[in-house]
Amino acid sequence: MIHYLIQDPPQDPPKWDGVPAPDIDQFGQFPKLASTFHDVDGLFYFTYAVCIFFFVLITGVLLYSVVAHRRKTWDQKPLSNVTHNTPLEVVWTLIPLVLVMIMFAWGFKGSLDMTVVPHEAHLNTYKATAKQWSWQFTYPDGTTSYDEVWVEAGKPVQFILESKDVLHAFYVPAMRVKRDVVPGRYQSAWFEPHFTKEFAEGEPREQTFHLFCAEYCGLDHSRMYAKVHVVDAETMAKTPWNLVPKPEDPIEDKIAYGKQFANAQCLSCHSTNGAPGVGPTWKGLFTKDADGNYVGRQRDVLEGGQKKTITVDDAYILESIKEPMKKLAAEFPNGGMSNFDSLKDDEARLACILAYIKSLADN
Ligand SMILES: [Cu+2]
């Protein structure tokens, strides 16, 4: 983390959740620009240069005067009675005025570029839904992904920003985009992503950038980040976010398959770490006994309005998926689980999900 604060990019950049620290630009301020918003950098460096120039000029003249025009003897009379100099004052008013107007015009143009969403971006509109503490992305075709989003290089994209709870902010430093996500209203942000490096022959054309929440939003704010994958049209066509393994895909590793499937279809409501959600957490449904067998927990359920205690087992899990309303977890008397009709007869995939839920007891 500290590498984001210091100036020199380290020789062997650390990886943060698999994403290398960004390539830092020459003055150590920004990651390399990966969008078309070069006015941000231009204006920033212009302002920076103007500030440094005047800082040096003013402190230089000041120091020079302090030394050169100091009173040299105790009884020395003032050498000059000049109180002002109109031409000089006009000059030192006009020059800053011109500079400030340049900054204003440049900044205004830049901010118009960023706020006026071009037509192509409208045609490629995603939704980013922020909630404590994750990002959900909805693609133009209605599919979704969590904490990772794929966009196509060279194709302008708009994000409609929505918050389910408190204030968040959508911040992609490499794209120079930052916008508050305000509960109760929609905001929008757009950019045209680009690669920041050349690719070798045969190297996959893909680069990943960070997206942060930039508005303190509670306990796990610092973990509310996502990955922005910029890919070429060919990869995009394969919808890499669509993790639902296709029925024809061979299942090699049941748990891995179940995990992918759950990521895509179930974990919007269920957590695997005990965090509360729309549905009960999967953590603790099974534990492991001393012999390494999976043991289901005791659980209160409502069946036909009657409360009873059952022991979680394979049959209960499968039934919960096939007929969610039959036995309701007692803490969720109103149900609320989606119907997964296509899963009902798909024993192979159900087995994978079951294997995954059980595997949560392994660590
Ligand atoms: Cu936050």
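Guide: A nonpolar core is here a set of buried Ala, Val, Leu, Ile, Met, Phe, Trp, Tyr and Cys residues joined through C-beta atoms within 7 Å, where buried means 20 or more other C-beta atoms within 10 Å of a residue's own, exposed 12 or fewer, and partly exposed in between, with C-beta atoms placed from the backbone. The model is predicted, so local features need pLDDT of at least 70 and side-chain atom pairs count only at pLDDT 80 or more, while totals for chains, interfaces and linings use all residues. Residues are numbered from 1 along each chain as its sequence is written.

The largest such core has 32 residues, and those with the most contacts inside it are Ala-128, Val-157, Phe-159, Phe-170, Val-172, Leu-211 and Val-228; contact means C-beta atoms, again placed from the backbone, within 7 Å.

Several of the contributing strands belong to an open sheet of 5 strands with mixed pairing, in the order E5-E4-E3-E7-E10, where pairing requires at least two DSSP bridges between two strands. Strand E5 (144-146) and strand E10 (187-191) stand at the edges of this sheet, each with a single partner strand, so one side of each has no neighbour in the sheet. The partner of E10 is strand E7 (residues 157-163), and the two are antiparallel, joined over 5 bridges; within that pairing, Ile-160 has Ser-188 of E10 as its bridge partner.

Strand E7 also holds Gln-158, which is buried, with 20 other C-beta atoms within 10 Å. Again not counting residues up to four places away in sequence, Gln-158 touches Val-117, Ala-121, His-122, Asn-124, Thr-125, Tyr-126, Ser-188 and Trp-190. For Val-117, the C-alpha to C-alpha distance from Gln-158 is 7.3 Å, although 41 residues separate the two in sequence.

Strand E12 runs parallel to E6, to which 5 bridges join it, with Val-151 standing opposite Val-230 of E12. Strand E11, in turn, pairs with E12 in the antiparallel sense over 7 bridges, and in that pairing the bridge partner of Thr-208 is His-229 of E12.

To set this part within the whole, the secondary structure of the chain comes to 7 helices and 17 strands. Of its 363 residues, 20% are buried. Among contacts with a separation of 6 or more, 58% link residues 24 or more positions apart.

Conventions:
Helices (H or I, at least four residues) and strands (E, at least two) are DSSP runs, numbered from the N terminus. Two residues are in contact if their C-beta atoms, placed from the backbone, lie within 7 Å.
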